[in-house]
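This briefing concerns a sheet and a helix of one structure. Please keep the sequence and the 3D view at hand while reading.

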Amino acid sequence: GGSITPAKNKHISSKSSSIQSDCMVFIDKQFKEKGFSKETRKLLRASWRSGTQKDYSVKFRKFNSWCSRREIDPYSASLTEAAEFLTYLFSEGLQYRTIAGYRSMLSSFLAPIGKIPVGQHPYITRLIKGVFNSRPPKVVLLPEWDLPLVLKKLKQAPFEPMKHAHLKFISWKTAFLIAITSFRRCSDLQSLCIGEESIVVQKKGVTFVRHGLSKQDRPKHFGSKIFIPSYQSDKLLDPKRSIYYYLKKTAPFRNSDSEFENKLFLSFIEPHKPVTSQTISSWIVNAIKCAYNEKDKKFRAHSTRALGPSWALFNGASVKSIMDTADWTKESTFTRFYLRHIDVEVLNSV
């Protein structure tokens, strides 16, 4: 097992300056030392989603920097040092859920203490509970922005008429309308493709088959379809119409020889490669910002995952239909983390 307390005057060898800053590489090295083959190690590493691996690598770089300033070997840090690092994060103002993410990262590569993973050790568990009690997660009751205001702006210039609008604004509007009606994450939108095996267009809307795994997918729950409804009562806010114009605008640079031709969302900047989920997030935020005069006002694209379902609920949609659309398995997920208290009279004015 690993050490509980740090060794006094711990000395780091001259190799410390070249410590691998990617904890996943170190984890792979540990698997190799245990005798696992290259192919087996590849599968073992695949147990962490690519997004989790990237997240852990970013968090480890912060931990590595903290250790370097204290002449600590990050790969053999003791339980006490791990606790001190988490305390440092708290003093930096980080929130409970973020610090809990760092705890998971530490558990992934630090040696267990008495066969107990570092993150599950009673001291660390109690420390994280102390973080929760001292800085409880904020509960957001009200919407972060005004949905009717944004929808009103999307019906005006520079978004309309879409036939003559710039591709940039068509991209922003299409991403926003898909997000607000599908209740899905930006990573889900980024995965959408077109083609016979990926999309079905119907009168009532558009159905996409998601390629790759979603964040909530697991062995007994995966492969859910993403349905984008057609909004017949107001064509200027119809996601199906927006998708049509978006595909029409991007058709000229969807080269049939390109491996990316089937990706739904492409960059409006040459060479028009498929965009990342971060880019889609910025598109959604930019669409929201267009409805506000304050340039410095901050918005989160993920807030559409709260406002969309809340809007649907207060307009008569059943909780079950909302859960199916958003791909939630527990009603508490919606009511605890996403439900916003919206004024029904305001929504009826849209």
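Contact here means heavy atoms within 4.5 Å. Helices (H or I, at least four residues) and strands (E, at least two) are DSSP runs, numbered from the N terminus. The model is predicted: local features need pLDDT of at least 70, side-chain atom pairs count only at pLDDT 80 or more, and totals for chains, interfaces and linings use all residues. Residues are numbered from 1 along each chain as its sequence is written, and side-chain values use heavy atoms, with hydrogens and water left out.

**Helix α1**
- Helix α1 spans residues 23-33, and its buried residues (under 20% relative accessible area, 1.4 Å probe, protein chains only) are Cys23, Met24, Phe26, Ile27, Asp28 and Phe31.
- The cover over these buried residues includes α2 (38-45), α3 (50-69) and α5 (96-109).
- After α1 comes Gly35, which has a positive phi, near 100°.

**The open sheet**
- Three strands form an open sheet in the order β1-β2-β3, with antiparallel pairing; two strands pair if DSSP finds at least two bridges between them.
- β1 (199-202) and β3 (225-229) are the edge strands, each pairing on one side only.
- Neighbouring strands of the sheet are turned by 15° against each other on average, direction ignored; axes are lines fitted to C-alpha atoms, and angles run from 0 to 180 degrees between N-to-C directions.

**Strands β2 and β3**
- Five bridges join β2 (residues 205-209) to β3 in the antiparallel sense.
- Phe208 lies opposite Ile226 of β3, and Val209 has Lys225 of β3 as its bridge partner.

How values were computed:
Buried means under 20% relative accessible area, exposed over 50%, partly exposed in between (1.4 Å probe, protein chains only).
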